[in-house]
Amino acid sequence: MTKAKRKRNAVWRKIQAVRFEDIKVWCMRRLPILEWMPVYNWRENLIPDAVSGMMLAIQQVAQGLAFAVLSSVHPVFGLYGSFFPVIIYAIFGMGHHVATGTFALTSLISANAVERLVPLVNTNFTTSNNSEILGLSEFEMQRIGVAAAVSFLGGIIQVAMFMLQLGSATFLLTEPVISAMTTGAATHVVTSQVKYLLGMKMPYISGPLGFFHIYAYIFENIRSVQLEALLLSLLSIVVLVLVKELNEKFQRNIKIVLPIDLVLIIATSVACYCADMEHVYGIEVVGHIPEGLPSPKTPPMNVLPEVVTEAFGVALVGYVASLAIANASAKKFKYAVDDNQEFLAHGLSNVIPSFFFCIPSAAAMGRTALLYSTGAKTQVSGLISCVLILVVIYAIGPMLYWLPMCVLASIIVVGLKGMLMQFRDLKKYWNMDKIDWGIWISTYVFTICFAANMGLLYGVVCTIVIVIFRFPRAKTLNLKNVKEVEYKYKTGDNCESLKQVKIVSVNNPLVFLNARKFHADLIKIIEKDSTSSQGCEDVNKVGCAICCGNHGNSIEGESLQSCHIEQPVLILDCSGLQFFDYTGVSVLLEIYMDCKNRHIDVFLAHCKGNARVCFIAASLIKAMQYGETLESENPVFFESISSAINAVQIHR
């Protein structure tokens with residue numbers, strides 16, 4: 001038998017060995033809708049999902065029109081981008097409250113490619129020549145072709161990252177870096193809308209330091225500001241901010257919030273039509289909105305080599321922002337999200353809709369916050385919003401002809417409030433880790449000076465370099481080195497009260513590289529101990545050692561069965577914690593809250609009085625107390641393990 005034949009036979013045997021159950025498990029993993037849809041509780045969840053879906057549809061329409069303009073394409077393509085990606089993500093995505101669709105940051109990135117390849121001054125065709133698709137001009141179709149190509153290639157990159165299992169590398173994306181990058185990108189988006197807010201005609205400006213060149217141009221041409229557009233913009237922003245603040249303040253007392261975006265669009269469109277503002281005052285309006293959905297068409301493949309940079313930006317920035325929202329919602333509502341599956345979901349949400357003239361998509365913080373406030377339960381809310389968006393596309397769209405562009409710009413600016421308010425995180429980072437504070441500031445400045453994808457790359461590299469330089473100062477460098485906790489209890493009168501005490505020694509810095517693994521291993525130990533009568537096991541995966549408080553020397557592996565029920569106690573020995581970052585403190589707070597939910601008391605030892613770790617301990621106490629989650633009647637921080645154990649005995 002030849003080598004090739006043996007190889008074919010081996011492959012055939014593997015194919016025959018695949019069972020139906022294996023295929024079913026694979027489909028359940030890759031098509032989450034098969035898991036949650038059959039068990040959907042129609043009685044309890046349908047009404048809140050329907051209400052949330054209606055509110056989401058209103059916001060999707062407003063943001064779709066606005067973000068399409070931001071992407072330098074016709075507004076109708078934003079409606080398509082609010083329809084197709086939502087359906088794809090509902091099938092493949094795992095975030096129950098992730099509202100995908102058009103997104104400001106990805107729209108801004110794709111606009112760079114659109115303006116570079118299809119500028120306003122183009123001699124190849126005129127804007128009056130109508131194409132056979134949607135009745136739009138060849139100019140508009142050329143532009144959406146470039147945006148669709150960016151979406152297609154960006155989605156391909158995300159799917160490739162899924163196949164390479166790069167979802168496991170997301171631990172490199174720390175919260176300060178993501179926060180700084182999204183805040184900087186939001187600042188870029190606001191800057192790009194200033195020309196519409198002021199009613200100015202200005203060329204498209206991008207590239208390094210383009211942020212500053214835009215404002216330089218505005219100040220040089222300040223006399224060309226259109227007063228009517230400026231007043232309408234200011235009025236729209238004031239109304240939007242005021243009503244949204246009132247909605248947030250009284251959302252507990254009212255079941256349905258006022259859809260101010262929709263009200264403003266209708267009111268300004270009617271006012272513009274009645275006063276003929278387009279011709280009398282020269283205010284720019286949206287214009288003709290075609291009816292119906294387009295037939296699928298392949299994106300122009302000839303431009304793919306020219307949009308590689310923007311495609312990578314869309315793939316990385318869109319995924320990072322979406323994953324942060326998915327993880328936050330999963331943490332809030334206590335369900336799991338697979339980082340790698342999200343690569344597939346968002347990749348397909350960009351690839352498939354690109355055949356229907358859609359701009360790049362991602363999840364948006366504002367829409368997800370809306371689902372939180374309206375009580376959405378599952379992805380059904382997004383599917384219901386698609387039904388209503390379909391009504392807009394086929395029936396209501398043409399009525400938006402008179403919508404002023406400055407109002408759309410106002411909706412974009414106010415919609416970015418959540419991202420811009422991340423400036424408040426600076427106080428948090430300053431209290432928890434000043435190095436993370438410095439990373440935030442430098443990443444934000446880098447994003448402002450260059451672009452969101454460059455800022456993200458800088459933040460990741462900067463974080464890794466700083467950790468590399470900080471680790472040599474740590475006492476414990478070997479993550480597999482188990483350090484025993486030595487504690488001798490001299491009197492055996494009350495040793496029964498120590499049966500449920502566990503001591504965990506943290507021997508390494510807690511940073512973004514190992515903090516999540518430390519959390520996962522510790523939770524596994526707690527879960528195993530709660531279901532098993534066996535003693536604690538040594539854990540050398542992330543440099544922690546488990547010991548049991550008992551009479552005499554510390555004993556490893558000894559059974560901790562109590563003759564009467566006592567609330568378990570977990571003591572974290574922080575004497576080996578040489579330094580930490582924001583992620584490390586966040587993980588300690590998560591451990592504290594997880595243990596609290598399991599009715600386990602958590603104490604931190606060697607946090608006071610030890611000269612060698614005095615500064616680190618003081619910083620840790622300040623950082624954790626700033627987290628505002630340490631709600632305990634008993635003290636949490638102790639100067640030694642013995643003082644922590646004494647506190648356990650006194651309490652019992």
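These are my notebook entries on a few features I looked up in this structure.

**Ground rules.** I am working with a predicted model, where local features need pLDDT of at least 70, side-chain atom pairs count only at pLDDT 80 or more, and totals for chains, interfaces and linings use all residues. Residues are numbered from 1 along each chain as its sequence is written, and side-chain values use heavy atoms, leaving out hydrogens and water.

**Salt bridges.** I looked for a side-chain nitrogen of Lys or Arg within 4 Å of a carboxyl oxygen of Asp or Glu, and the count came to 8. Glu-115 and Arg-143 form one of them, at 3.0 Å from N to O. Glu-115 sits in helix 7 (residues 104-117) and Arg-143 in helix 8 (residues 138-163), 28 residues apart. Helices here are DSSP runs of H or I with at least four residues, strands are runs of E with at least two, and both are numbered from the N terminus.

I then checked cover: buried means under 20% relative accessible area, exposed over 50%, and partly exposed in between (1.4 Å probe, protein chains only). Glu-115 is buried at 14%, and Arg-143 is buried at 5%.

Next I found Glu-310 bridged to Arg-116, with the closest N and O atoms 2.6 Å apart. Glu-310 is in helix 14 (residues 308-333) and Arg-116 in helix 7, so this pair ties together parts 194 residues apart in sequence.

**Strand 3.** I turned to residues 501-506 and found 6 of 6 buried. Strand 3 pairs with strand 5 (residues 569-573) in the parallel sense over 5 bridges; pairing takes at least two DSSP bridges. Val-504 has Leu-572 as its bridge partner in strand 5.
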